[in-house]
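Here are a few exercises to work through with the model open beside you. Try each task before reading its solution.

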Amino acid sequence: MAEPLDDYIDAVSKALALPVEEAWRPAVRVNLEVSLRLSRLVDEFALPDETEPAPIFTA
Amino acid sequence: MTTKPEMTAAEIASAVASRKMSALDATEAALARIKQHDTILNSFTDITADRARAKARAIDADIAAGKEVGPLAGVPFAVKNLFDVAGLPTRAGSKINRDLAPAKRDATLIERMEAAGAVLVGALNMGEYAYDFTGENVHDGPSRNPHDTTRMTGGSSGGSGSAVGGALVPIALGSDTNGSIRVPSSFCGIFGLKPTYGRLSRARSFPFVASLDHLGPFARSVTDLALAYDVMQGPDAEDSACTTRGLEPTLPLLANPVSDLRIAIAGGYFQKNVFPEAVEAVGRVAKALGATQVVEIPEAARARAAAYVITTTEGASLHLDRLRTRPNDFDPAVRDRLIAGAMVPAPMVDRAQKFRRWYRAQLAEIFKSVDVLLAPATPCTAPKLGQVNFNLDGVELPVRANIGIHTQPISFIGLPVVAVPVPLEPLPIGVQIIAAPWREDIALRVAYALEKMGVVSAPTPRGL
């Protein structure tokens, strides 16, 4: 049975020309679920529009 | 004079400079220990014996000619195999990088160590592409803990932890993106310094996450740690993140009193998800320093999450071409994490970097009223090799994902940390001495005071 993230994995795999063999898919999905869960934790923290990202580039 | 296995770098350098021992004897002794014990520890992937002997002979010739030699004259050291070593492909723990052409020139930090008289004896095992907290490696086998060889060294600088913890060399160099110096220091019972982000040059080392990568030393004493750190300092135009600050030597400051320092214990997040050993270790260190104030670092869990997001996405970007062309040559666990990282939406990375700026400001505020924060280096002592879960308060948790939970929120904003070993029985465990940016001197001073009090020390390896 297809998991909710499978369509997304297929689409990004195609867009990035990044192969995901069927045997790897369950582990990729689990890792992606962790990455997205932690991303949401960052995402839900409100920051002012003016906030600068941390990396600094000096011309 | 012959070398004892646990001679410190300072003792070796002093003996060599005063002609009580030759640099060649010190080098041969290290090579002999490596030969004797590394079949068990598996800490080395390359032994540069010819180069080491040539360097040692050159130092002895300089001494015989009455020339000045550096503060690390004749001291054997080794480096995580993501440092460029002239003549070797920089494998960075991978199978794929073995196909690279041999490096033409040493990493900047190796050049600086050797300019101070140190003698490179080899390159060290590590987790593949540094995306690891265990010290296990599917291509080279795991590095093994010198206090119990059935246990992990911690990673990703596992060979560095094993080689110094096992007293094969007094000093090793490693890298720390999310905890890869502090975790092996904790599990292997040694001192490790993760300097301020940008303090030490990363030139000619294989990267992992440019936003978060640091290099630093491991040692069995604080004096040795400071000796190595001091000789490696200084600007380097070949690392765009390297500071332009001048040298700020720490060795002359080590013995300054710590009674004037405001030392607090990191609370909240840093007191959760810990085994009793970690609580005991932080408690011992805090008691010795008279630290009772508890300071909560706001949003530490979110900081760890943001560090995770930046790591997995920058790591994926670094390896994207290799993931496309040679996916079956990766450690499958590393490959699958990196592929997932490539699929994280870009706004999440930008938000993580913006959160990083906010979090940095919160810590800057804390450091207005505190000089040092104490926190566990790892939630537990070294797990068994291959161990997948551990049970904490009745809850099964994955080992890999949780080893670095207390180090990630600190390196996320580049704070300097000395990991100090508390010699608990049966296994040691580390505590993080965390200071404000560019105040490595303070963290080292506190570590030195603890060492003099006998609260922290590198235990004699018993697993050998």
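**Exercise 1.** Why does the radius of gyration of chain B agree with that of a compact globule?

*Solution.* Keep in mind that this is a predicted model. Start with the chain length: a compact globule of 464 residues would have a radius of gyration near 23 Å. Chain B has 20 Å, so the value agrees with the rule. Next, look at the box: along the principal axes, the C-alpha atoms of chain B fill roughly 60 × 55 × 45 Å. Finally, turn to burial, where 61% of the 464 residues of chain B count as buried.

**Exercise 2.** Describe how chain B is built, then find its largest nonpolar core.

*Solution.* Begin with the elements: chain B holds 14 helices and 13 strands. Then take the contacts between residues at least 6 apart in sequence; 77% of them join residues at least 24 apart. Now go inside: the largest nonpolar core has 156 residues, and B:Leu374 and B:Ala447 have the most contacts within it. Helix α9 (residues 300-325) of chain B gives the largest share of this core, 10 residues.

**Exercise 3.** Which element gives the largest share of the side of chain A that touches chain B?

*Solution.* First count both sides: 26 residues of chain A and 29 residues of chain B take part in the contact. On the chain A side, the elements giving two or more residues are α1 (6-15) and α2 (25-43). Of these, α2(A) supplies the largest share, 11 residues. Last, sort this side by class: 20 residues are nonpolar, 4 polar and 2 charged.

Technical notes
Residues are numbered from 1 along each chain as its sequence is written. Chains are lettered from A and ligands numbered from 1 in the order in which they are written. This is a predicted model: local features need pLDDT of at least 70, side-chain atom pairs count only at pLDDT 80 or more; totals for chains, interfaces and linings use all residues. Helices (H or I, at least four residues) and strands (E, at least two) are DSSP runs, numbered from the N terminus. The radius of gyration is taken over C-alpha atoms; the globule rule is 2.2 Å times the number of residues to the power 0.38. A residue is buried if 20 or more other C-beta atoms lie within 10 Å of its own, exposed if 12 or fewer, and partly exposed in between; C-beta atoms are placed from the backbone. Two residues are in contact if their C-beta atoms, placed from the backbone, lie within 7 Å. A nonpolar core is a set of buried Ala, Val, Leu, Ile, Met, Phe, Trp, Tyr and Cys residues joined through C-beta atoms within 7 Å. Ala, Val, Leu, Ile, Met, Phe, Trp, Tyr, Cys and Pro count as nonpolar, Asp, Glu, Lys and Arg as charged, and the others, Gly among them, as polar.
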